[in-house]
Amino acid sequence: MKTLISGGTVVNSTGPIAADVLVEDEIIIAVTTSGSSLSVSWGEGADRVIDATGLLVLPGGIDGHTHMEMPFGGTQSADTFETGTRAAAFGGTTTIIDFAIQSKGSTLREGFERWSSKAQGNCFIDYGFHMIMSDVTDSSLKEMDALVSEGISSFKLFMAYPGVFYSTDGDILRAMQQAASNGAMIMMHAENGIAIDVLVAQALARGESDPRYHGATRPAVLEAEATHRAIQLARVANSPLYIVHLSATEALGEVVTARDKGQNVFAETCPQYLFLAEDEMARPGFEGAKFVCSPPLRPESYQRELWRGLRTDDLSIVSTDHCPFCFKEQKELGVGDFSKIPNGLPGVEHRMDLIYQGVNRGEISLARWVDVTSTAPARMFGLFPKKGVLAPGADADIVIYDPSDTRTISAKEHHMNVDYSAYEGLPVTGQVKIVLSRGSIIVENGCFVGRPGAGRFLHRGLNAFLE
Ligand code: URP
Ligand code: ZN
Ligand code: ZN
């Protein structure tokens, strides 16, 4: 099957060029000057020619932080691997890396197998796994080595959620030492959960039970403190560190300091911290629960600093932390007690469009948009150069994007399996037109033509920033 994508502006993380993309079966064969003799002859023999005149042609988005079918707070995140990967594809994301969970008392392998059985045969796009380590023991540390060789090359630990996912500093240090020896990346949920639990209990005792107290009891300083501590532990272990879902300027400052000293510390932020502010949690009635996630939304003034961090590469990646819970019946579990609201926001469908608004507003360049949403995640999580770039030999995961189409985000139109949108009513300019996953069209002009089970498990390598 030969495909020619002609006349578009190809945008890699190196910048935009006028070029044609030649695809054979699942793989990109060439990216060549528009109208070159190679592309003309390829077009003559092609089974399919896609006219991308006036459109952008990008490597498919890679969302390195999702939670499909994740048990949390007595319920489960509302998107399955089927609904979640379909929604992701609509938004121009062609790879997700989801978090498999090791439950306390179980092995890492049991977690990996449980998540594999949920995902296998159900994903519309390619997928990989990070592993959440909830139980750091001699045997789970040994298991890390085996999983790295099976393509699970990153492990998330939590400084938050005592009694659930929480790890002590000693556990964290041991996991980091293991990562230093096997090449894995330690990902950190950096919030001081022990101190937060004290503040939560005190707030509830005062009768402060509304959603806005979720934010008030998770102050930015406790994110910064945990970020600082994680960085120092990684320094002692001599391991790289990746801070997930960074929300606070104060935490960003810790990352900047470490990076300026030459430490291999990386961080991601998420669209919710770039577009939504803490006052959302104080909406009337229980509406604020729609915006409860951890770390919480921050003051609006923080957004400017996060965009700056993306420009300067102190923030390497934008992932969604997609963890959707319906307002009805799921978020409502926390009526009368904010600490029982399941934490997380939906977002996998809108990441590419939202971050493109940063291009429209002059916050980041086109090239940087592609970098933070595709190329950097591919390099960070061992998928480059099969993913994250339009170049010969890469998988033909391709998004054809109309930079000038406008619309308004609404739950009425989204494809995520959740009854609200955190971005309801937000106007966006820019829209996915066509999505190819390994050479097959899966989205075309708003219609979905993908096949469940077409998505493959990705055996990931090691972080390419450290090579
Ligand atoms: O609120 C959040 N972030 N929910 C998902 C779980 C996590 O900590 O990433
Ligand atoms: Zn987390
Ligand atoms: Zn998460």
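With a relative accessibility of 2%, Cys-293 counts as buried, a class that covers residues under 20% relative accessible area, with exposed meaning over 50% and partly exposed in between (1.4 Å probe, protein chains only). This is a predicted model, in which local features need pLDDT of at least 70 and side-chain atom pairs count only at pLDDT 80 or more, while totals for chains, interfaces and linings use all residues. Residues are numbered from 1 along each chain as its sequence is written, ligands are numbered from 1 in the order in which they are written, and side-chain values use heavy atoms, with hydrogens and water left out.

**Cysteines**

- A search of the whole structure finds 0 disulfides, a disulfide being a pair of cysteine sulfur atoms within 2.5 Å.
- The sulfur of Cys-293 has its closest cysteine sulfur in Cys-270, and because 8.0 Å separates the two, they are too far apart for a bond.
- Cys-323, which also counts as buried, has 4% relative accessibility, and its sulfur lies 9.7 Å from the closest cysteine sulfur, that of Cys-293, which is too far for a bond.

**Surroundings of ligand 1**

- Ligand 1 is surrounded by 13 residues, of which the closest are Lys-156, His-189, Ser-294, Asp-321 and Asn-343, where a residue is counted if one of its heavy atoms lies within 4 Å.

- For polar contacts with the ligand (a pair of N or O atoms within 3.5 Å), the side chain of Lys-156 places an N or O atom 3.0 Å from an oxygen atom of ligand 1.
- The corresponding distance to an oxygen atom of ligand 1 is 3.2 Å for an N or O atom in the side chain of His-67, and 3.5 Å for a polar side-chain atom of His-65.

Definitions and conventions:
Polar contact = N/O pair within 3.5 Å; in protein donor to acceptor, adjacent residues only side chain to side chain.
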